[in-house]
Amino acid sequence: MDKLNFGHYTSQSGLLGIVGSETIWATNIKFLNDEYEFQHALDLIKSIIPTSNIKTGHRDLDIYNKYVKDIEKQLRSLNDYGTESIFTLSFSEETDLLSQWRGYCPDNNGYCLILKVNDIFKNSKMIYNNVHLVECIYDQKTKENQIKDTLNDFWLRYIKKSEGKERKIIIEELSAKIMLLASYFKHTSFSEEKEHRIIIILDYAPDNDLKFREGRFSLIPYLELPSPKSCIDKICIGPTSNKNLSKRALEAFLDNKYELPVVMSNLEILHSKTPYRPW
């Protein structure tokens, strides 16, 4: 995979935590800013199942109906429990986007860390088995085609098995695939973000891995992923009323954490070109 440098928007406290601890957080998908995001993808999948146009000459309607019922049963399980094991870390190709500054950097106190995403991905794979680096999909037709292709592929495997146990394994594998797709299918209204994600799907969450932080309405579960300071390529300072003071303070902080003047490192500090507006 080629070198990938994408932006991660964060607040002042987020910057202090990421640089200070050399870790970055993957949040449980239920607790993202768009709380209906995962449900949006599942609803789309449910709507496509009856119209998936099975690519086979197999004519046994009873078997097909059983296949559909098995899938629907698994989807209900995903609604109730599946999201508890999905954690995501988001990045954007756009490193100076007004909607991102507003959403993730309250009170005009934020930064966009331009990170070496592939390095973080490799570090995560050394800890967890089921880790994916994906580009979010916004286009409706592309999402529909991927879902239909997945349903058809697993249907062809399903009809080759006669025993219930073997078919159950196939449905469980299909459920895992659907869970992954739903983790990076996003509504078209978010397309300007050009988001990429590291997705971690846990078979279980060991007590020593799962962390919690304060949220607006509840505690938020997350995982800490290794993100050494070497993963930071650039830092863009968000819109602010005092650019010079913000840059001097950031340089002093980085001098302290890197234990050498930031001007001697390869780290580049940028200013947002978005006009400052109090929001």
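Here is a short chat about reading a few features of this predicted model.

Colleague: Let's start with helix packing. What describes two packed helices?

Modeller: The angle between their axes and the distance between those axes. Take α6 (residues 140-158) and α7 (residues 164-184): their axes come within 10 Å and cross at roughly 170°.

Colleague: How are α6 and α7 oriented to each other, roughly parallel or roughly antiparallel?

Modeller: Angles over 145 degrees count as roughly antiparallel, and α6 and α7 are therefore roughly antiparallel. On the α6 side, the contact is made by Gln146, Thr150, Leu151, Phe154, Arg157 and Tyr158. Among the α7 residues taking part are Ile170, Ile171, Leu174 and Leu181. Sorted by class, this contact of α6 with α7 has eight nonpolar, two polar and four charged residues.

Colleague: Now α2. What should its twelve residues span?

Modeller: Helix α2 covers residues 37-48, and at 1.5 Å a residue it should span 16 Å. Its end C-alpha atoms are 17 Å apart, which agrees.

Colleague: And which residues of α2 are buried?

Modeller: Glu37, Phe38, Ala41, Leu42, Leu44, Ile45 and Ile48. They cover an arc of only 155° around the axis, so they sit on the same side of α2.

Colleague: Last one: where is Glu224?

Modeller: You'll find Glu224 in strand β8 (residues 219-226). With 33% relative accessibility, Glu224 counts as partly exposed.

Colleague: What does Glu224 touch, leaving out residues up to four places away in sequence?

Modeller: Thr23, Ile24, Trp25 and Lys211. Ile24 is 200 residues apart from Glu224 along the chain, yet their C-alpha atoms are separated by 5.7 Å.

Definitions and conventions:
Residues numbered from 1 in each chain as written. Predicted model: local features only at pLDDT ≥ 70, side-chain atom pairs only at ≥ 80, totals over all residues. Heavy atoms only, no water. Axes fitted to C-alpha atoms, helices over the stretch in contact; angles between N-to-C directions. Helix = DSSP H or I, 4+ residues; strand = E, 2+ residues; numbered from the N terminus. Parallel < 35°, antiparallel > 145°, perpendicular 65-115°, else oblique. Contact = heavy atoms within 4.5 Å. Nonpolar A, V, L, I, M, F, W, Y, C, P; charged D, E, K, R; others polar. Expected span 1.5 Å × (residues − 1). Buried < 20%, exposed > 50% of the residue type's maximum accessible area, 1.4 Å probe, protein only. Arc of directions from axis to C-beta.
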